[in-house]
Protein chains: 4
Amino acid sequence: MTERVTRSFESQNMMKTLGATIHKVEKGKVTIIAPILPSTLQQHGYAHAGLTFSIGDSAAGYSALTMMNDDQEVMTAEIKINLLAPVDGEILTAEGKVLKNGKRLVVVSSEIHSLKDRKKNLVAIMQGTMIPVALKT
Amino acid sequence: MTERVTRSFESQNMMKTLGATIHKVEKGKVTIIAPILPSTLQQHGYAHAGLTFSIGDSAAGYSALTMMNDDQEVMTAEIKINLLAPVDGEILTAEGKVLKNGKRLVVVSSEIHSLKDRKKNLVAIMQGTMIPVALKT
Amino acid sequence: MTERVTRSFESQNMMKTLGATIHKVEKGKVTIIAPILPSTLQQHGYAHAGLTFSIGDSAAGYSALTMMNDDQEVMTAEIKINLLAPVDGEILTAEGKVLKNGKRLVVVSSEIHSLKDRKKNLVAIMQGTMIPVALKT
Amino acid sequence: MTERVTRSFESQNMMKTLGATIHKVEKGKVTIIAPILPSTLQQHGYAHAGLTFSIGDSAAGYSALTMMNDDQEVMTAEIKINLLAPVDGEILTAEGKVLKNGKRLVVVSSEIHSLKDRKKNLVAIMQGTMIPVALKT
């Protein structure tokens with residue numbers, strides 16, 4: 001399971017572009033970490049919502065993938081993000097979680113924390129839907 | 001108005017990282033364009049949802065900014081994306097629009113199209129809330 | 001198509017409880033009307049968000065139903081509402097629309113207007129996902 | 001706090017129409033209960049999404065109200081619901097919770113369970129934004 005998630009993650013160029021890495025893989029729960037790089041800031045010097053979203057969405061998607069058969073992949077059908085605070089600091093962590101593993105839809109959530117001066121701060125929450133798709137071979 | 005949006009956009013490192021540019025600025029409506037680069041793909045060779053989200057969110061945010069006073073900025077409070085199709089092709093366009101310009105909340109939408117072999121395809125829609133914030137000086 | 005939507009609608013007790021009626025049925029587009037009754041107000045004398053949501057969700061769902069085969073029904077997988085203004089007046093109209101009619105997911109939107117002193121006012125917008133389900137027989 | 005929430009709740013006609021009652025009020029957390037009545041069903045004999053939404057939204061709103069000053073009220077700015085399963089059984093409970101109590105925006109969530117044959121089942125989750133408004137006097 002961990003190997004499969006890691007392999008898929010490593011083939012995501014976007015994750016490389018953002019500097020993100022897989023931190024932890026459990027059944028139904030995946031954590032992703034990304035540094036807050038100069039290249040992913042917005043105009044006020046905070047992390048861009050696109051960074052927060054990207055790792056939150058990926059963590060949620062991979063948490064769904066841990067529930068799939070080997071011949072299935074997942075795609076995001078929809079997801080919503082509430083941004084709770086401007087995001088600064090050194091590192092972001094996104095913890096994705098499966099809330100309901102349906103046959104046709106997998107409902108997921110993601111919590112994104114920033115780490116600043118060793119203090120963890122909840123900066124965004126996400127709620128969405130992943131759909132299983134047949135793996136292209 | 002156009003100058004202000006352009007200046008703000010150009011100070012967003014994330015937009016540079018994604019290769020995005022401002023295409024058009026009107027009162028309450030802003031269009032952003034981004035190429036689908038190798039660096040922003042996901043594991044199946046499609047554009048990463050994070051790319052689609054990032055330019056859709058930015059287009060929506062800048063459409064809100066066109067309604068603000070000079071001493072105000074905007075931030076995303078929340079936004080939701082429905083992904084309608086896997087995203088391939090050469091280019092993405094995101095058209096952000098103000099639906100309701102309230103004093104405390106600005107409700108916005110964004111439509112993202114892909115361009116592939118000269119054919120335009122609606123790939124995602126977004127609906128969200130921007131909040132005006134006092135400009136830091 | 002119209003008959004099918006009407007028949008289904010009339011078997012929805014909740015719609016009766018709210019006083020709602022079908023106003024118009026077109027392929028991919030359904031309009032529902034509801035009076036703002038004393039029984040559906042919230043504590044400030046405005047229409048309850050639950051009323052706005054209920055008819056907006058139903059209009060969106062029935063717009064999806066117009067695209068289905070006779071042996072299919074639809075259910076709401078998820079939907080989001082942005083409330084643009086406190087809702088008063090005499091009547092609410094909800095216009096649901098299909099944005100993407102996929103085989104597995106139907107992406108829909110809904111616009112809800114109030115009518116007050118003959119003036120139409122956009123009070124809420126919704127964006128969501130319906131899923132086709134096999135009709136129980 | 002409890003008294004204030006109860007008083008406000010009792011002046012909500014919509015809650016009476018749905019048969020809903022306040023079950024528990026804590027700082028930042030409110031639980032609402034509603035029976036699944038014949039009058040709030042949809043066409044397949046399940047509880048209408050409008051019922052689930054209405055009590056989930058109210059529980060979230062009242063959880064926000066427990067954080068407000070006496071001269072403030074709250075209104076729903078936006079909220080999203082993911083429906084995890086068709087809702088049947090005897091009773092619905094909605095537990096609303098404050099996730100972030102900001103000065104301008106209060107981010108909330110709600111979990112809705114059904115009770116059927118003494119078994120509790122998570123049927124919907126919600127994530128949204130409440131805004132404080134000055135109490136009209």
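Helices (H or I, at least four residues) and strands (E, at least two) are DSSP runs, numbered from the N terminus. This is a predicted model: local features need pLDDT of at least 70, side-chain atom pairs count only at pLDDT 80 or more, and totals for chains, interfaces and linings use all residues. Residues are numbered from 1 along each chain as its sequence is written, while chains are lettered from A and ligands numbered from 1 in the order in which they are written.

**Stop 1: chain A by itself**

Select chain A and colour by secondary structure. Three helices and six strands make up chain A. Follow the elements of chain A from the N terminus: α-α-β-β-α-β-β-β-β. Chain A has a radius of gyration (taken over C-alpha atoms) of 14 Å; the globule rule (2.2 Å times the number of residues to the power 0.38) gives 14 Å for 137 residues, so chain A is as compact as a globular protein of that length. Along the principal axes, the C-alpha atoms of chain A fill a box of roughly 40 × 25 × 25 Å.

Now look at the packing. Of the 137 residues in chain A, 52% are buried (20 or more other C-beta atoms within 10 Å of the residue's own, C-beta atoms being placed from the backbone). Contacts (C-beta atoms, placed from the backbone, within 7 Å) come next. Take those in chain A between residues at least 6 apart in sequence: 67% join residues at least 24 apart.

**Stop 2: chain A against chain B**

Show chain B as well. Here 29 residues of chain A are in contact with 29 residues of chain B. Select helix H2 (13-18), helix H3 (49-65) and strand E3 (72-83) of chain A: each supplies at least two residues of the side that touches chain B. Which element gives the largest share of that side? E3(A) does, with eight residues. By class, the side of chain A that touches chain B holds ten nonpolar residues (Ala, Val, Leu, Ile, Met, Phe, Trp, Tyr, Cys and Pro), four charged (Asp, Glu, Lys and Arg) and 15 polar (the others, Gly among them).

Zoom in on E3(A) and strand E3 (residues 72-83) of chain B. The two strands run antiparallel, joined by five bridges. Strands pair if DSSP finds at least two bridges between them. Pick Glu78(A): its bridge partner in E3(B) is Asn82(B).

**Stop 3: chain A against chain C**

Switch to chain C. The contact takes seven residues from chain A and seven residues from chain C. On the chain A side, E3 and strand E6 (119-134) each give two or more residues. E3(A) provides the largest share, three residues. That side of chain A has three nonpolar, one polar and three charged residues.

Note on methods. Contact = placed C-beta atoms within 7 Å. Buried ≥ 20, exposed ≤ 12 C-beta atoms within 10 Å, placed from the backbone.
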